[in-house]
Structures are given as structure tokens and as C-alpha cells.
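Here are my notes from a first pass through this one. Have the viewer open while you read.

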Amino acid sequence: MASRPSRFAMAAAAAASLFIPSQGLSAQGTGYTPDLYYELVGVGDVAVSPSGAYVAFTVTTVVEDENRRHREVWLQPLSNGRPDGDPFPVTSPNEESSGPRWSPDGSLLAFSSSRDDDPNPVWFLRVDGPGGEAFHIEGVDGPPVWSPDGSQIAFVRAPDAGDAAADEAEARDPREGWIAPDAVSRTLDADRFDGRVITSIRYKRDGRLSFQPHYLTQEKRQIMVVDAEGGTPRQVTRLSFNAGAPVWSEDGRVIFFTGDEREDDELDSENSGDIWAVDARGGTVRRLTSNPGSESAPAVSPDGGTLAFLSSPARGAQTDLMVAEIGSDGHFRGQPRNLTADWDLSPGAPTWTADGTAVLFSAGIEGDSHLFRARAAATGPAGASAAPVEQVTRGARRLLSFSFSGSGRFMAFTATDPVTPPELYVGAADGSTEQKATRFNDAWLSRVTLMPAEELTWTVEDGTEIQGWVVRPVGFREGGSYPLVLKIHGGPHSAYGNTFFPTFHVLSAAGFFVLYPNPRGSSGYGHDFQYATRGEWGIVDREDYLAGVDAALEAYPEIDPARLGVSGGSYGGFMTNWLTATTDRFHAAVTSRSITNWESWWGMSDAQGLTEYEFYGTPWEQRDLYRRLSPISYVENVTAPTLIIHSEQDYRTPIGDGEQWFMSLRKLEVPVELVRYPRSSHGLSRTGEPWLLVDRLERLRSWFEHYLIQNPPGARAGAEEARR
């Protein structure tokens with residue numbers, strides 16, 4: 001049995017080095033600067049123990065000197081659903097640890113941690129007595145899912161990925177899968193050839209810097225089951241596709257899981273994932289749902305008689321929460337019922353209340369994210385909603401990572417708002433009470449001034465109301481004159497809202513107003529609103545952005561209309577390019593991971609299905625539309641000095657688009673710079689290397705400072721006239 005130091009006593013003592021009580025906000029000084037990112041602490045992966053005695057969660061810090069993030073698992077003791085003392089780490093400060101999970105009786109805490117040369121990343125801690133060392137359970141090398149009685153553990157992994165295959169894996173050719181097994185062309189010398197032969201369109205995946213091996217060379221993940229005390233795992237599925245998200249039936253006889261039998265059909269454009277069932281001892285696998293459509297996130301009711309799950313009939317269709325009665329062998333008894341048929345938002349993964357009368361889930365609602373409840377009792381015909389969906393939590397904030405005690409009385413979650421990074425909260429499961437449990441960010445927050453987000457709404461020509469927020473400059477004075485930067489979110493079907501955005505505070509501290517809207521196309525405002533831009537990207541939402549700028553100018557007369565900037569990433573980068581190419585409203589731009597040419601993007605990206613749906617076809621089927629919606633078609637109109645930020649291993653919006661925009665603006669003699677970030681993908685601004693992420697914040701700030709404060713458009717025009 002392998003072990004590593006991870007003692008509760010040592011952990012509690014070490015907690016003082018990171019957990020610093022709040023010092024209040026009276027000592028606030030300057031605004032947020034890019035280097036403060038190194039002090040930002042993240043909280044996530046919340047898991048309440050079944051007894052409600054503890055909350056386990058992952059804490060993420062930045063190790064600036066080593067240019068990396070560090071993750072540890074912490075515990076917050078509870079008493080009657082309230083914090084009882086300070087939280088403390090329970091995993092080694094010298095190892096990376098995350099993903100806490102509890103055994104049904106709460107005696108064991110599992111977590112993931114890759115340590116030294118140990119091939120097994122799954123570790124366990126005993127928490128029902130004196131703290132001991134972290135240990136393995138023989139045969140468990142995937143995130144554990146215990147049976148309800150705690151006697152068995154299920155997990156998923158490829159059959160050859162266990163401890164017994166570790167030595168064999170080390171001996172494999174490091175270039176395995178580089179040459180497609182179905183390739184027709186041949187080489188004269190296989191030992192000399194060190195390139196790749198590709199026949200799969202999935203040879204690259206954003207977030208992974210190296211190219212992917214051919215899928216035919218990879219074993220599929222299967223359901224494994226092992227006794228809770230450990231032993232040799234038995235493989236209960238033998239599928240031609242990957243199994244995922246195993247869930248036990250209440251009696252432990254059946255395992256439900258998700259899988260897509262068409263996952264290797266690269267030309268499949270339909271939603272085709274399903275929910276399946278298999279006897280825990282192995283045997284015939286049964287498909288419970290049918291195509292077209294994709295079903296996911298199965299959850300069994302406490303009495304074992306009902307399965308809740310999410311269903312998306314097709315790409316772009318409304319996702320709904322379904323429930324189906326199940327028999328003893330896991331089959332559906334009758335047609336599933338839709339609990340959200342009359343509800344226009346998108347539910348998250350379901351969790352049953354302890355009494356089994358309702359299903360809980362999170363969802364985005366306008367700029368917020370909250371907990372909702374849908375009663376599961378059948379009061380209407382099959383397929384109909386049983387009762388209206390009820391909102392449990394409220395407030396101008398985003399709540400995430402909900403977890404509940406076994407009794408259902410208490411819950412824990414993370415909460416963030418525009419001036420507060422995520423922290424851990426605990427409270428009553430009905431939302432009636434809550435208490436902040438961690439204050440990891442209070443110390444550095446006490447040293448800075450953060451301006452609050454002020455809601456601003458406006459109505460566009462067709463009567464649609466658009467919601468946005470404005471952050472004033474730090475040190476704002478009425479009657480002054482300030483530049484404004486319009487920030488545009490990605491997606492396009494994501495949303496801004498009441499959460500902490502370092503970029504906005506960096507600009508505010510530098511003397512800018514910041515406007516960040518949720519135009520048509522954003523999520524959280526209903527299905528029709530979310531897909532109002534289909535086939536009209538940049539056309540419909542352009543009106544929303546420009547009308548928002550006008551609304552901000554009217555509401556805040558201190559904004560200088562001659563000093564407007566625009567910035568965004570991904571779809572926001574596309575929209576930044578589009579606005580500077582189709583209007584003359586903006587006087588400086590920063591475009592990140594952007595798209596300039598939809599035809600070339602389609603051929604290089606790992607996400608072709610996005611435009612195939614949104615643009616009603618491929619580039620040869622909708623050639624005019626792809627070209628008409630490409631900013632490169634109008635690049636000659638751009639006059640705004642533009643900073644282009646792109647990651648060299650961005651496979652979602654490949655750097656070729658940034659290069660096209662740079663080359664065009666340079667030839668047009670528009671002031672332009674291209675910043676290429678190495679070792680980074682599409683997620684640079686969120687999960688990239690800390691040094692690169694902070695550098696990006698500083699470059700964005702300095703670009704706008706130069707062109708909108710130090711050398712504003714009027715001064716630039718005067719200098720140009722003098723040169724003539």
C-alpha cells in the first residue's frame with residue numbers, strides 16, 4: 001500500500017500561512033494592477049461530507065517564481081451547517097491535489113494527485129479518526145464512485161491503463177499513434193520518418209499543445225468495479241466507445257453511465273450521446289435513451305425508482321431536465337417526463353433532494369448563476385412539466401459548485417460578484433441562510449480600490465432589452481473626462497455578469513470606464529435570445545453593442561466619445577475586428593484569439609461544427625455567408641490602432657487568423673502589433689501560464705493607455721497634420 005505524508009495536524013498548522021482573516025476595506029489604496037493576479041486565490045470542487053461534518057474543496061494559488069498554479073485539498077469543519085473553526089489543508093503542500101470525493105459513510109476522502117513516478121493518481125485519506133497518511137486502494141486508479149452501501153467502487157479507465165500496464169506503457173514508442181493505422185501511403189524508412197500521417201480530423205485539440213494520436217490507436221474507457229477494500233478490478237463493459245459518468249442504482253445492482261456510440265464518426269453532426277445501463281457484475285449493456293438527441297448527467301432518486309437526466313434534442317435546441325421511472329434492472333418504465341418544458345433557461349446537472357420530492361440544479365439567469373428546484377411529482381401527462389421551476393438562491397452574484405449534506409439540510413457552494421473572487425459559503429439547503437466560510441482573498445483586497453459594477457439596460461430597435469454593466473474609473477470625479485473600453489465576451493453563447501473579472505479592474509485602475517454587455521446571442525436570457533444571432537453573427541449584435549455605447553454616453557456624461565476602445569477574445573475578438581472594420585466609432589482596439597476569415601478558420605479549427613450549425617452549412621454550401629460575415633472582407637476600413645494577442649498553440653481559433661489581420665493592417669499602415677504567446681492555447685486569459693497571463697493584462701492596459709490617454713485621437717490627428 002503506497003502512502004505519502006498528509007496529516008491533519010500538520011495541515012492545520014500550515015493553514016495559517018495561507019488563510020489570513022479579513023482586515024476590512026478601510027485601508028484600500030490604489031486600484032487593481034496586473035501583478036495582483038499572483039495573489040488571487042481560487043476556490044472550487046466543493047464536496048460536503050455525507051454527515052455534514054466537513055466541506056472539502058480545492059484551493060488554487062499561483063507560484064509566481066515557478067510560473068505555475070498549485071492546488072491543494074482543504075477541509076472546513078462544520079457544526080450544524082455552520083463553519084466551526086478555520087479551514088485547513090489536508091494534502092501535502094509539495095504535491096498537486098484536487099477533486100475531493102467522499103465515501104458514503106464519510107470515513108474516506110478521495111482525491112486526485114499525480115505524485116513522483118507513481119502511476120496511480122487516486123489517493124484516499126481517513127477522516128473518521130486521527131489523521132493518517134494518504135494511501136491507495138488496490139485496483140482503484142480512476143476517480144471513485146462508491147455504491148450506496150459503500151461495499152463497491154466503480155470508475156472508468158482504459159483497460160490497459162492500470163498499474164499492471166505501467167511498465168509496458170513506459171516501454172511504448174513515444175510516437176505511437178503518429179501514423180494513422182488506416183493510412184494508405186507508406187514510407188521507405190520508418191525509423192527515419194519522424195513526422196505524422198493524419199487521416200482523422202481530430203488530430204488536434206485545443207488545450208493540448210501536442211497533436212493527438214489517431215483515435216484507432218487508443219483504448220476506450222470502460223466501467224471498472226472493485227471491492228471497496230481493494231483488489232483486482234473487474235471490467236463490466238466492453239464497448240467500442242468511451243463510457244463515462246458512472247452512477248449506481250440505489251440497490252447497487254445496476255450502473256448507469258453515459259456514452260456516444262457514434263463518437264468515432266467524424267462526420268456525425270447530430271447530438272448522439274445516450275444514457276446506458278449495465279449490471280454491476282457485467283453482462284449486456286442496455287441503451288436507455290434513443291437518438292436523435294443527446295442525454296447526459298444521470299442521477300438516481302433516493303428511493304431508487306426514478307432517474308433524472310439532461311436532454312438536448314439537437315444542437316441549438318433547448319436543453320431540458322427529464323425524469324423517468326426505472327425498473328429493478330434499470331430499464332425505463334414509460335416515457336420520460338420533462339420538468340422544465342415551460343422554463344426557458346438551461347438547467348445544469350441534476351441532484352435529488354434527500355426526500356426525493358424535487359430535483360436541484362444550477363443555471364445561469366441574466367448576469368447571475370443560482371440554484372433552482374423542480375418538483376418531481378407527476379401531476380400532468382407524460383412529457384409535461386410537473387410544476388413551475390423555483391429559484392432557491394438570489395442576489396447579484398454567481399453561485400457555483402453546489403454540494404449537499406446527506407440529510408439534505410445543508411449545502412456548500414462558491415460565490416463571486418464583481419468585486420469579490422470566488423470564496424466558499426455554507427448554509428441551509430433552502431437558501432434561507434448562508435455564511436462565508438473562507439477569506440483567502442481578503443488580505444490583498446483590503447489594499448486595493450475596486451469600483452462596483454453598475455447595471456445599465458437599453459432597448460434596441462426591435463424592442464429587445466439588453467443588459468450590461470459599467471465600471472467607473474478608480475478616482476472618478478463628476479465633471480471629468482475619461483475614455484471608455486467596450487469589452488465583448490466570447491462564445492458567442494456565453495455571458496458576462498456578476499463575477500470577478502481582473503481585466504475590468506485593471507482598466508478601471510488605469511482610468512477607464514468599462515462597459516461589458518450581454519447582447520443577443522448571450523446565454524441566460526432564454527433560448528430565442530441566445531440563438532437570435534444565428535446566421536447573422538456581427539449583424540444583429542452589432543446594433544446591441546453600439547446602442548450600449550450610446551446608452552453609456554448618455555448615462556455617464558464624463559465618458560469622452562472621442563476616446564472609445566474595444567476589446568474581446570475569441571468571439572469577442574471576432575466582434576472587435578468586425579466593429580473596427582464596419583464602424584468608425586472606436587479609436588483603439590485589442591483583439592485576442594480572434595477570427596478574421598471564417599473560411600480559413602473552418603479549415604484550421606478543432607470546432608468546425610460551430611459554424612456549420614450557426615451558418616447553416618459548410619463554406620462551400622454557404623460561401624457567400626462565410627465571406628460576408630468575415631471581418632477580412634472589410635479590413636480596408638480599419639483605422640483604429642490594434643493590438644493582436646494570440647497563442648501559438650490555439651487550435652480553437654488558430655493563429656493564422658491573427659496573422660492575416662496583422663498582415664492586412666500593416667499593409668494598410670494602421671498602427672498594429674502582434675503578440676505571439678508560446679506554450680499556450682485558447683484559454684490563455686483564464687488558465688494560461690501565470691507569467692503570460694499577467695503579461696497579457698499589462699499589454700492590454702498599456703496599449704489603451706497609449707492610444708486613449710497619452711496619445712488620444714485628437715493629438716494623433718494633430719501630429720499627423722504637422723507631419724504633412
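**Notes on the chain**

1. The chain has 14 helices and 38 strands; these are DSSP runs numbered from the N terminus, H or I of at least four residues for helices and E of at least two for strands. Bear in mind that this is a predicted model, where local features need pLDDT of at least 70, side-chain atom pairs count only at pLDDT 80 or more, and totals for chains, interfaces and linings use all residues. Residues are numbered from 1 along each chain as its sequence is written, and side-chain values use heavy atoms, with hydrogens and water left out.

2. On overall size, a compact globule of 724 residues would have a radius of gyration near 27 Å, and the chain agrees at 27 Å. That radius is taken over C-alpha atoms, and the globule rule is 2.2 Å times the number of residues to the power 0.38. The C-alpha trace spans about 85 × 70 × 60 Å along its principal axes.

3. Of the 724 residues, 54% count as buried, that is, under 20% relative accessible area with a 1.4 Å probe, protein chains only.

4. Now helix 11. Its 13 residues (655-667) should span 18 Å at 1.5 Å a residue, and the end C-alpha atoms agree, being 18 Å apart; the expected span is 1.5 Å times one less than the number of residues.

5. Which residues of helix 11 are buried? They are I655, G656, D657, G658, W661, S664 and L665. The buried residues of helix 11 pack against several elements, including helix 7 (571-582) and strand 38 (672-677), with contact meaning heavy atoms within 4.5 Å. Just after helix 11, E669 takes a positive phi of about 65°.

Key: Buried < 20%, exposed > 50% of the residue type's maximum accessible area, 1.4 Å probe, protein only.
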